[in-house]
Amino acid sequence: ESAAETADLRRSLPPGYADDEESLAKAVEMAVADLRSWLDTVDARAVAADAVQRFWAGRAPILPGQLGSVLAVRDLDDRTRVQRRRGAVCHLRMRDGFLYVGLGQRNLRMPAALEPVLRRIAAAAEPLAVSDLADLMDEESRRVLVRRLVREGLLQIVPDG
């Protein structure tokens with residue numbers, strides 16, 4: 001995409017190129033030289049970061065039972081058990097002093113201090129009670145975070161019984 005925005009790399013073929021192989025060869029040599037110069041300016045880390053972002057953003061969420069979890073979130077307390085939704089994408093990365101949580105087709109920007117709790121939630125293989133996050137967050141903060149993650153589709157509330 002970036003190359004396509006560079007004027008020198010969008011030049012047309014010279015007029016009459018089909019009748020003048022030598023002029024065409026010079027135009028190709030010039031285009032290759034321009035491409036080499038442009039490639040020297042490419043930030044490989046930025047290209048990689050963009051590719052990763054596009055990959056994670058392209059994952060469509062699968063949210064069976066989401067309505068029930070969203071309705072149940074109003075009664076959420078420390079005893080409520082939640083689990084990571086099966087198949088839910090959760091890609092965590094730190095950038096510019098913030099934690100970015102990739103949830104498929106959207107990204108949440110959160111304070112960097114939430115990284116330990118989000119890593120625990122993302123890695124949990126079994127359901128956990130909201131109170132299981134007490135060593136990382138105060139009660140109100142963990143309820144707010146878990147409610148948000150249920151609404152966003154990362155977590156689902158585990159029904160009693």
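I take strands to be DSSP runs of type E, at least two residues long, numbered from the N terminus. With that in hand I can name the loops between them. The model I am reading is predicted.

**Entry: the whole chain**

I looked up the overall make-up first. The protein has five helices and six strands. I read the elements from the N terminus on, and they run α-α-α-β-β-β-β-α-β-α-β. I then checked burial: of the 161 residues in the protein, 29% are buried. The exposed surface comes to about 10600 Å², and carbon and sulfur atoms supply 53% of it. I also looked at how far apart in sequence the contacts reach. Among contacts with a separation of 6 or more, 59% join residues 24 or more positions apart.

**Entry: the sheet**

Next I traced a sheet. It is open, has three strands in the order S2-S3-S4, and its pairing is antiparallel. Which strands stand at the edges? I found S2 (91-95) and S4 (107-111) there. Each has a single partner strand, so one side of each is left without a neighbour in the sheet. On average, neighbouring strands here are turned by 25 degrees against each other, direction ignored.

I followed one pairing in detail. S2 pairs with S3 (residues 98-102) in the antiparallel sense, over five bridges. I picked out Met94 and found that its bridge partner in S3 is Leu99.

**Entry: the loop at Asp96**

I then looked between the two paired strands. Asp96 is found in the loop between S2 and S3. Is Asp96 buried or exposed? Its relative accessible area is 63%, so I note Asp96 as exposed, the cut-off being over 50%. I also checked its backbone. Phi of Asp96 is near 55 degrees, which is a positive value in a residue other than glycine.

**Entry: the helix across the sheet**

I turned to H4, residues 115-123. H4 lies across S2, S3 and S4. Against S2, H4 runs at about 165 degrees.

**Entry: the nonpolar core**

Last, I looked up the largest nonpolar core, which has 27 residues. Which of them touch the most other members? I found Val101, Leu118, Leu145 and Leu149. I also listed elements that each supply at least two residues of this core: S3, S4, H4, H5 (139-151) and S6 (155-157).

Conventions
Residues numbered from 1 in each chain as written. Predicted model: local features only at pLDDT ≥ 70, side-chain atom pairs only at ≥ 80, totals over all residues. Heavy atoms only, no water. Pairing = 2+ DSSP bridges. Helix = DSSP H or I, 4+ residues; strand = E, 2+ residues; numbered from the N terminus. Axes fitted to C-alpha atoms, helices over the stretch in contact; angles between N-to-C directions. Contact = heavy atoms within 4.5 Å. Core = buried A, V, L, I, M, F, W, Y, C linked by side-chain atoms within 4.5 Å. Buried < 20%, exposed > 50% of the residue type's maximum accessible area, 1.4 Å probe, protein only. Areas by Shrake-Rupley, 256 points an atom, 1.4 Å probe, with all protein chains shown as cover.
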